[in-house]
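Hi,

Here is the structure I promised to pass on. Have a look at it first, and then read my notes below.

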Amino acid sequence: MPIPSSPHLEDRIHGLDAFRAVLMLLGLTLHGALPFLDEFESVDAVLGALYPFVLVRIFRMPAFFMLAGFFGALLWKRRGARAMLRNRYQRIVLPLALFVLVLPPVFVLVGTLGADLAAGHPAPLAHALQVTRSSALPVHDFAHLWFLYHLVWI
């Protein structure tokens, strides 16, 4: 049974919203830095860049999931179990179901096309489309959508 609404219960927790935004910006920063990690000349330079990368990564995802659990519990408390489950279904399960069907063919197409272009294949687009039609589905893993899969269970 949902708790009766009161002005202070409906207020947003702006500090936690800001914290979640910082975690997402850290994710953009980390993923933006990935292509440059193999450009360093020495082992010391790689390790110097890798330590902050790993430290941020091992902090960011658990903090993000903890916030997701907190906000899920808050939604349950404010609106009840049915509304919370409906919200999670619309915001997590449906996007996962949609994009787990859309992204694998795109990844196969782009990856094959890039490899064919680099190798000088005579008909790269036709070959990439053929490979995509024959191998993109069924999906065997969640690839870049692993976090949505985990959020479903959290």
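Below is what turned up, going from the overall fold to single residues.

One caution before you start: this is a predicted model. Of its 154 residues, 23% are buried. If you take contacts between residues at least 6 apart in sequence, 69% of them join residues at least 24 apart.

Asp17, Leu23, Gly27 and Leu30 are its buried residues to look at. They lie on the same side of H2, because the arc they cover around the axis is only 145 degrees. Turn to the other side of H2 and you find His14, Gly15, Leu25, Leu28 and Thr29 exposed. Arg20 is worth a click too: it lies over the face of Phe71, 4.6 Å from the ring centre.

In general, nonpolar side chains in soluble globular proteins tend to be buried together. Here the largest nonpolar core has 15 residues, and Leu23, Phe64, Phe65, Leu145, Leu148 and Leu151 are those with the most contacts inside it. Helix H3 (43-79), helix H4 (81-119) and H6 are the elements that give two or more residues to this core, and H3 gives the most, with eight. So what does Leu23 touch, leaving aside its neighbours within four places in sequence? Leu23 is in contact with Phe59, Arg60, Ala63, Phe64 and Leu67.

Phe64 and Phe65 come up again among the aromatics, where ring pairs link them with Trp146 and Phe147 into a cluster. The count comes to six aromatic pairs. Take Tyr149 and Trp153: their ring centres are 6.4 Å apart and their planes stand at 75 degrees, over the 60 needed, so this pair is edge-to-face. Both residues lie in helix H6 (residues 146-153), four residues apart, about one turn of the helix.

Best wishes

Methods: Residues are numbered from 1 along each chain as its sequence is written. This is a predicted model: local features need pLDDT of at least 70, side-chain atom pairs count only at pLDDT 80 or more; totals for chains, interfaces and linings use all residues. Side-chain values use heavy atoms; hydrogens and water are left out. Rings of Phe, Tyr and Trp (its six-membered ring) pair if their centres lie within 6.5 Å; planes under 30 degrees apart count as stacked, over 60 as edge-to-face and the rest as tilted. A charge sits over a ring if NZ of Lys or CZ of Arg is within 6 Å of the ring centre and within 35 degrees of the ring normal. Buried means under 20% relative accessible area, exposed over 50%, partly exposed in between (1.4 Å probe, protein chains only). The arc is that of the directions from the helix axis to the C-beta atoms. A nonpolar core is a set of buried Ala, Val, Leu, Ile, Met, Phe, Trp, Tyr and Cys residues joined through side-chain atoms within 4.5 Å. Contact means heavy atoms within 4.5 Å.
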